[in-house]
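Hi,

Here is the structure I promised to pass on.

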Amino acid sequence: MKISERAEEILETLWVRSEEKAEQVGLGVARGNPEVEELVKAGLATVRGDRIALTERGRAEGEKVTRRHRLAERFLSDLLHVKERLVHPVGCRFEHLLVEGIEDNICALLGHPRTCPHGRPIPEGECCRRFREGAGKGVMALAAMEAGQGGRVAYIQTRDRSRLQKIMAMGVLPGMPITLIQTFPSYVFQVGQSQFAVDERLAEGIIVRTAAR
Amino acid sequence: MYHVPGWDAIEASLDRIESLLARPYGMSGRAVALLLLQGDDEIAGIVGAAEPEALEKIRPIVAEAQARYDDPLPYIIAVRRQEEASRITRAVLSRGAAPRVGFAERLSRIMMNPLTGIPLVLLILYLGLYKFVGGFGAGVLVDLVEDAVFVRRVNPWTAALAERLLPWESARALIAGDYGIVTLGVRYAVAIILPIVATFFIAFAVIEDSGYLPRLAMLIDRLFKAIGLTGRAVIPMVLGLGCDTMATLVTRTLPTVRERLISTILLALAIPCSAQLGVILSLLDGHPLGLWVWVGVMGGVFILVGALSSRVLPGEAPSFYMEIPPLRLPRPANVLIKTYSRVRWYFLEIFPVFILASVVIWAGQMTGLFDRGVALLRHPVRWIGLPDDAAVAFLFGFFRRDYGAAGLFDIKRAGLLTGRQIVVACTTLALFLPCVAQFLITVRERGLRTAVALSAFVFVFSFSVGFLLNKVLVFWAVPL
């Protein structure tokens, strides 16, 4: 069901505060607001006393709206080079034009980015999941590549701080050209002008956007 | 090109942090701010000590900056730095067509490919260690120096001089007796150990300067993971084949305490040093099967003890990363300078130990303590099937392992050892307690308790292995 743009904005704010920041959200000045009523009527939110909470469907919808907003910001800043302070306000208007379907195309065009220009995570879409599993090819861990294959570093898996430090110490950073030379008994690669040997655990943390072969 | 999102906000945070810092820190305020933003504990400690109020105000700024990103700030800042570096290099650097894969690169890949690389390791070990150090150093050079210089000249001169100048029998024994300072201490140090160690350090410097070691490290990493180490540990291990004491010092280059401890254990137990190797190789000369038994037992102990200690010692499995520098032809001048400084270090370090050992043995003999020690050691020596005389060699082994091995050499020359006894004695002595110098360095690097526990373990373990090996060789009647 289609809801108004204002209602979408509120849905997004609600999702960010309750899901990302795990806050309790009070109604405050929004009490009696027609858009809140609209959300409740659409079965996306419930109001109990002074608290407003998302329903399960509301959570799914809110995630999608947030995803569209942040994708729109990425699109504006990366492809259209819109000035940073304009990205947010223009993005707010632009996101409503990204209907489902177009949204995934934009996502693919941008290379399935993981964060918005402000550094906040972009919720994953179905297209990102397919892409990550390799259906999209093109982006894969160094450990999954074949000897002789090359490309540019897309990003580094940064969960493990000590591993991240080691990878960074080798000068392996997003955008650097990288070529895998050998896979056994250790992974040997060339990055920039230097060669390094790493074990499998480290090679799994380096994600490469492979060049067309 | 990748672009760091929201960098302006980071700049703003940097400005705010910089304006809060009132004290000088010996570097620009921006550098301090960058370090603080990256969560550097050391600088946070310094700022916290100098102006705690400022640090209190800075902490929320860092937290706020981090909250904008999914990835840790050090990563964000490194990416930004890389971006800037790339921008600068793009502006000033032009690159020709990619060079063809040259000879050095092809050789490098041959070294790193296990199919060709492993035979190459064996070839390098055979030529560098067995032929050059064992054959040339421990054979030709030792014979030359020992025979021509000591047996023919120095020893008779010293004996004659002592006879003339020293009226006391005990003083003569100290200088020129069987275990005298000149006849034993100086002779072993100069005539036996020096040529062996010097040839090893030459071989090691050539291998080191060629850039081969990181390639060996990447080949061996998987094997070393099984014993709780990474390929990186190959450097102290290979160096240990030269001098375990120096190698124990070098274990501090390993990243975790656990890796340092495991390699210290292996160096103390299963890596024979070049001085010892030289003597052991000449002991086993003429017993080719015995040499293989010895190599097999040492290798087995290395892997077994490594695997056990990596199970027993707490800590996470380490990860391996290492730069592979381009292969280069070593420069003779650099090789010589390196060898010289290492031999000098070695000599300054061991020469006093040798002299001290001579004095201690002399004092022990004078007081009868030495005889009691030999009598005590006779029991374990008998258990492993060796003649009583070998106990003397093992007591020497307390001072230096190679000292002990060299003592065995004299017994072999007298024709008192069978092939089986030689193999058992070589194995036990190679595993036996590290020399005094290595023990002292272990105390310094790992602490007294660890060093003492390690020595007790090595003592019991080496004789147990000798005992078992002897039983096995007798049982199967191996013709050695």
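**What I found**

In chain B, the C-alpha centres of domain 1 and domain 2 lie 50 Å apart. Domain 1 there covers 7-92 and domain 2 covers 110-480, with bounds that come from an automatic or database domain assignment.

Before going further, some housekeeping. This is a predicted model, where local features need pLDDT of at least 70 and side-chain atom pairs count only at pLDDT 80 or more, while totals for chains, interfaces and linings use all residues. Residues are numbered from 1 along each chain as its sequence is written, and chains are lettered from A and ligands numbered from 1 in the order in which they are written.

**The two chains**

Chain A is divided into domain 1 (5-61), domain 2 (72-132) and domain 3 (139-210). The C-alpha centres of its domain 2 and domain 3 lie 27 Å apart. Chain A has eight helices and eight strands; these are DSSP runs numbered from the N terminus (helices are H or I with at least four residues, strands E with at least two). Its C-alpha atoms fill a box of roughly 65 × 35 × 30 Å along the principal axes. Of its 213 residues, 37% count as buried. Here "buried" takes 20 or more other C-beta atoms within 10 Å of the residue's own, "exposed" 12 or fewer, and "partly exposed" is in between, with C-beta atoms placed from the backbone.

Chain B has 22 helices and one strand, and its C-alpha atoms fill a box of roughly 85 × 55 × 45 Å, again along the principal axes. Buried residues make up 44% of its 480 residues. If you take contacts in chain B between residues at least 6 apart in sequence, 74% join residues at least 24 apart. A contact means that two C-beta atoms, placed from the backbone, lie within 7 Å.

**Helix H6 of chain B**

Which residues of helix H6 (103-112) of chain B are buried? They are B:Ser108, B:Met111 and B:Met112. These cover an arc of only 90 degrees around the axis, so they sit on the same side of H6(B); the arc is that of the directions from the helix axis to the C-beta atoms. B:Phe103 and B:Arg106 are exposed on the other side of H6(B). The buried residues pack against strands S5 (177-182) and S6 (187-191) of chain A, along with helices H7 (114-165) and H10 (212-225) of chain B.

**H7 against H8 in chain B**

H7(B) packs with helix H8 (169-176) of chain B at an angle of about 160 degrees, their axes 10 Å apart. Axes are lines fitted to C-alpha atoms, for helices over the stretch in contact, and angles run from 0 to 180 degrees between N-to-C directions. On the H7(B) side, the contact is made by B:Thr158, B:Ala159, B:Ala162 and B:Glu163, and on the H8(B) side by B:Arg172, B:Ile175 and B:Ala176.

B:Leu37 is in helix H2 (29-37) of chain B, and counts as buried because it has 21 C-beta neighbours inside 10 Å. Leaving out residues up to four places away in sequence, B:Leu37 touches B:Ser13, B:Leu14, B:Ile17, B:Val62, B:Ala65, B:Leu73 and B:Ile77. B:Leu37 and B:Ile77 are 40 residues apart in sequence and 8.9 Å apart in space, C-alpha to C-alpha.

Cheers
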